[in-house]
Amino acid sequence: MKIIRSPEQMQRFVLAWRRKGKTIGFVPTMGALHAGHLSLIRRAARENKMVVVSIFVNPAQFGPKEDLNKYPRPFARDKKLCAAAGADVIFYPSPKDMYPPEFQTWVDVEKLSQPMEGQSRPGHFRGVATVVAKLLNIVQPTRAYFGQKDFQQMRVIQRMVDDLNMPFEIVPCPTVREPGGLAMSSRNAYLSTTEKRAAEGISLALRAAAELLKFPFSAASRRALVAASRILRRIPGGRLEYIEARDADTLQPFTRTSRRAVVAVALRLGPARLIDNILVSRKR
Ligand code: AMP
């Protein structure tokens, strides 16, 4: 497995693969890899000839008061995990190479970026869309793999790729969870064992909401969210930022024709900010 730091070298490298007709699977990450990331890398390896994993803690998607500096960066461990999961190259650029001083071009996916995470983290998706556009242009993959754990992010990326005619297939992948239901996340490393147990209430609440949600969205569905938020508010040390149910395609409030819903949660617990979601489709 090769480690490439320079964007230009990465571009030259994939160009050679493409000339030979090799398919390229790409998994963008911020490192501190866990079983969720590894499921994406393994899938990319099954479905493509070559696999690139990027590890880049993207400063542009962190707010001024967020955890950019303390975000975990266990590169030696990540390297071993990538190799074992089937990566051929780790693209590991420096912030300076990705954002030189003269940098001034941003991608803004307007509507999908607004609700939920967009309200709590202004500018976050602008940073995400911009870095993913850059990474896709550098790696030029056949397919790029994204987790549904970050459902809104995945929708933002799908929209961007369609709107900007980027010729890459975006492959959504299911959320990998701990046995107790907690969605795997690099930020779970901030939690104590007790906090991790308490955080299992998040997936419990989401499953309860999904069970009770009705189409079209009505008073019964609003009661489902109230029931779920009651479970969330009982999490010791937790502070609920939001629980919302929206049309999973537009991320706008439901209409009578909405076909599937996403119920999404953000909750602060000790030093961590945790997000999770569940999809509910109409035909049940
Ligand atoms: P991150 O390193 O947190 O930026 O995540 C990199 C990619 O892994 C994103 O596409 C995430 O949605 C995905 N991912 C993170 N956690 C999980 C998980 N528990 N299950 C599946 N995919 C995940």
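I began with strands E7 and E8 (residues 260-269), which pair in the antiparallel sense over nine bridges. Two strands count as paired if DSSP finds at least two bridges between them. Helices (H or I, at least four residues) and strands (E, at least two) are DSSP runs, numbered from the N terminus.

I noted the source next: this is a predicted model, in which local features need pLDDT of at least 70 and side-chain atom pairs count only at pLDDT 80 or more, while totals for chains, interfaces and linings use all residues. Residues are numbered from 1 along each chain as its sequence is written, and side-chain values use heavy atoms, with hydrogens and water left out.

**The sheet**

I then wrote down the strand order of the open sheet, E7-E8-E9, with antiparallel pairing. Strand E7 (238-247) and strand E9 (272-281) are at the edges with a single partner strand each, so one side of each has no neighbour in the sheet. On average, neighbouring strands are turned by 15° against each other, direction ignored. For such angles, axes are lines fitted to C-alpha atoms, for helices over the stretch in contact, and angles run from 0 to 180 degrees between N-to-C directions.

**The helix**

What packs on this sheet? I found helix H9 (residues 219-233), which touches E7 and E8 and whose direction makes about 160° with that of E7. Contact means heavy atoms within 4.5 Å.

I checked the span of H9: its 15 residues reach 21 Å from first C-alpha to last, close to the 21 Å expected at 1.5 Å a residue. The expected span is 1.5 Å times one less than the number of residues.

Which residues of H9 are buried? I listed Ser221, Ala224, Leu225, Ala228, Ser229, Ile231 and Leu232. Seen down the helix axis, they fall within an arc of 155°, so they line one face of H9. The arc is that of the directions from the helix axis to the C-beta atoms. The buried residues pack against helix H8 (193-212), E7 and E8. On the other side of H9, I found Arg223, Arg230 and Arg233 exposed. Buried means under 20% relative accessible area, exposed over 50%, partly exposed in between (1.4 Å probe, protein chains only).

**The whole chain**

I ended with the protein chain, which has nine helices and nine strands. Of its 284 residues, 50% count as buried.
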